[in-house]
Amino acid sequence: METPWILREQHQRVVTLRLHRPEARNALSTPCLEQLVYQLEQADADAEVGAVVITGAARFFAAGADLRELQQQDVAAALLDRRPVLWQRLAQFSKPLLAAVNGYALGAGCELALACDIVICGESARFGLPEITLGLIPGAGGTQRLIRCVGKSRAYQMVLTGEAIDARSAQQAGLVSEVCVDALTLERSQQIAQRISQQAPLALRAAKQALKQAQEIGLSQGLQMERQQFVTLAATDDRREGIAAFFDKRTPHYTGR
């Protein structure tokens, strides 16, 4: 299914969602974000989908929020804004989520990349939260996720100056895991997603949950939760299949049970 601002394609167990608002540099308007969340929730419910890659265009991953919407928003409208709920629904996506970023990922575009589990970018990529230059601050998790991702000093500098960082700086800071030539960014992201999607679905879900919790709770709680997930997986058919396949020297056949 293709929607006006989100283009969907699927190869094997990997779905690729492409932001497609070229007239607005892929700015994440509320309708665009709604369509993205809808596609993610459809993928989350589909047993034939193992991982999702979000990408944009060559020059712009996403330029930010739609400023025309913000320009018309007063305090009352901000309190009733649907977008916080949409971002929360996006954060609840339970399968591995990758971002393939070329060009500018600014404002909400940067926040979208930060909300993904793995970020692969091209050499042209630029990441920034320029809201401060408009009399705003990031409002979709930018301050909270960025500081957990790149550390205190770098996060303060990016948020308070509004200046973007380039691909290599983003990799050094821990915002992205790999930098590719632009032409290979999407292909490399899909390769990683394909490898991930071959793993046991229940183990992937448990691993993602444990990793997310590691950013939100203390170490002792995190270790306890990790152990609970580990024990729960002991009851699954996929765990038995994975170990049996290892000893039989064959590729495991996972069923998600």
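Modeller: Two strands count as a pair if DSSP finds at least two bridges between them. The model here is predicted, and β4 and strand β6 (residues 104-106) meet that rule with 2 bridges.

Biologist: In which direction do β4 and β6 run?

Modeller: Strands of a sheet pair through backbone hydrogen bonds, and the pairing is either parallel or antiparallel. β4 and β6 run parallel, with A62 opposite A105 in β6.

Biologist: What is the order of the strands in the open sheet?

Modeller: The order is β4-β6-β8-β9, an open sheet of 4 strands with mixed pairing. β4 (60-62) and β9 (165-166) are its edge strands, each pairing on one side only. Helix α5 (residues 108-115) packs on this sheet and touches β4, β6 and β8 (126-128). The direction of α5 makes about 90° with that of β6.

Biologist: Which strands does β2 join by bridges?

Modeller: Strand β1 (residues 6-11) runs antiparallel to β2, with 6 bridges between them. Q10 has V15 in β2 as its bridge partner. The two strands form a hairpin with 2 residues between them, and Q12 in the turn has a positive phi of about 55°. Strand β3 (residues 51-55) runs parallel to β2 and is joined to it by 5 bridges. There, R18 is partnered with T55 in β3.

Biologist: What do β2, helix α1 and β3 make together?

Modeller: They make a right-handed β-α-β unit, in which the helix is α1 (residues 30-45).

Biologist: Which residues of helix α4 are buried?

Modeller: In α4 (residues 83-91), R83, L86, W87 and L90 are buried. Their arc around the axis is only 100°, so they lie on the same side of α4.

Biologist: And S197, is that residue buried or exposed?

Modeller: S197 has 2% relative accessibility, so the residue counts as buried. S197 belongs to helix α9 (residues 185-197). A polar atom of the S197 side chain lies 2.8 Å from the backbone oxygen of Q194.

Biologist: Which residues does S197 touch, not counting those up to four places away in sequence?

Modeller: With those left out, S197 touches R13, V14, G50 and A51. V14 is within the range of β2 (residues 14-19), and A51 is within that of β3 (residues 51-55).

How values were computed: Residues numbered from 1 in each chain as written. Predicted model: local features only at pLDDT ≥ 70, side-chain atom pairs only at ≥ 80, totals over all residues. Heavy atoms only, no water. Buried < 20%, exposed > 50% of the residue type's maximum accessible area, 1.4 Å probe, protein only. Right-handed = clockwise from strand over helix to strand, strands pointing away. Polar contact = N/O pair within 3.5 Å; in protein donor to acceptor, adjacent residues only side chain to side chain. Contact = heavy atoms within 4.5 Å. Arc of directions from axis to C-beta. Axes fitted to C-alpha atoms, helices over the stretch in contact; angles between N-to-C directions.
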